[in-house]
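Hi everyone, thanks for making time for this. I'd like to walk you through one structure, so let me put it up on the screen.

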Amino acid sequence: MRIQGLGKLGLATLLMAFMASCAAQKNEKLPILGMRDVQGTDTLYHTIPDFSFVDQDSQVVNQETVAEKIYVVDFFFTSCPSICPKMSQQMLRLHDEFKDEDRVVLISHSIDPAYDDVKVLNEYATALGVDSKKWHLVTGEKDSIYHMATQYMISAAEDENAPGGFIHSGAFMLVDTNRHIRAYFDGTKPEQVDELMDAIRSLLNEQFQN
């Protein structure tokens, strides 16, 4: 599985992402990805920390937004001339596929907060026909956004030599109700997003059996 722009992902994480994709294809339980700490009989898994951003409707999006939900997250910017339009169209597929599933949320972090203010994000979301309760396009302080990218173990940075002035991963990350990363998929490839849809259904079955 090739994911564009994963410069900061280590080899171990790439291998785990590949394993997650294979598990999704075989309808097996998805692994928990990232570093882990074994303390006696307990294993502490990498967990996405608390966060707070503002979406296209000026609503706060934080850990409470995803409480008791699974979610898919990516990093983009609205003026991106390269992979972002493809990613947005694939995220829109997820939006439409799971529009009636309240336990699934989508979050897209803009990595260009200087330009992508609430007004710009709202116009972008409106053009896509987005339900803001399902898909949150968020902005905030630049340092906070880039810190979140490191927590998802993907790349996001300013780069004057990159198209549009930024470099970032094209990955979609699937996160469970405990804020554990369960899988990575290439958000520029429809076949990968097909696999992600299967993985979402599998994770719903796993986490909401009762």
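Let's start with Arg103, which is partly exposed because its relative accessible area is 31%; here buried means under 20% relative accessible area, exposed over 50%, and partly exposed in between, with a 1.4 Å probe and protein chains only. Arg103 forms a salt bridge with Glu101, with 2.8 Å between the closest N and O atoms. I call it a salt bridge when a side-chain nitrogen of Lys or Arg is within 4 Å of a carboxyl oxygen of Asp or Glu. Glu101, at 17% relative accessibility, counts as buried.

Before I go on, a word on where this comes from: it is a predicted model, where local features need pLDDT of at least 70 and side-chain atom pairs count only at pLDDT 80 or more, while totals for chains, interfaces and linings use all residues. Residues are numbered from 1 along each chain as its sequence is written, and side-chain values use heavy atoms, with hydrogens and water left out.

How many salt bridges does the rule give? The count comes to nine. In one of them, the side chains of Arg93 and Asp194 meet at 2.5 Å, N to O. Arg93 lies in helix H2 and Asp194 in helix H5 (residues 190-207), so this pair ties together parts that are 101 residues apart in sequence. Helices (H or I, at least four residues) and strands (E, at least two) are DSSP runs, numbered from the N terminus. Arg93 is partly exposed at 29% relative accessible area, and Asp194 is partly exposed at 37%.

Helix H5 also holds Asp198 and Arg201, three residues apart, about one turn of the helix. Their side chains meet in a salt bridge of 3.1 Å, N to O. Asp198 has a relative accessible area of 41% and is partly exposed; Arg201 is partly exposed too, at 33%. Together with Glu97, Asp198 and Arg201 are linked in a network of salt bridges.

Now to the sheet. What is the order of its strands? It is an open sheet of five strands, S7-S6-S5-S10-S11, with mixed pairing; two strands pair if DSSP finds at least two bridges between them. At the edges, pairing on one side only, are strand S7 (135-138) and strand S11 (181-186). On average, neighbouring strands of this sheet are turned by 20° against each other, direction ignored. Strands S5 (residues 70-76) and S6 (residues 104-110) run parallel and are joined by seven bridges, and Val73 has Ile107 in S6 as its bridge partner.

Which helices lie across S5? Helix H2 (residues 84-97) lies across S5, S6, S7 and strand S10 (171-175), at about 165° to S5. Helix H4 (residues 142-151) lies across S5, S6 and S11, at about 120° to S5. For these, contact means heavy atoms within 4.5 Å; axes are lines fitted to C-alpha atoms, for helices over the stretch in contact, and angles run from 0 to 180 degrees between N-to-C directions.

Last stop, the hairpin. Strand S1 (residues 36-39) and strand S2 (residues 42-45) run antiparallel, joined by four bridges, and Asp37 stands opposite Leu44 in S2. Two residues sit between S1 and S2 in this hairpin, and Gly40 in the turn has a positive phi of about 65°.
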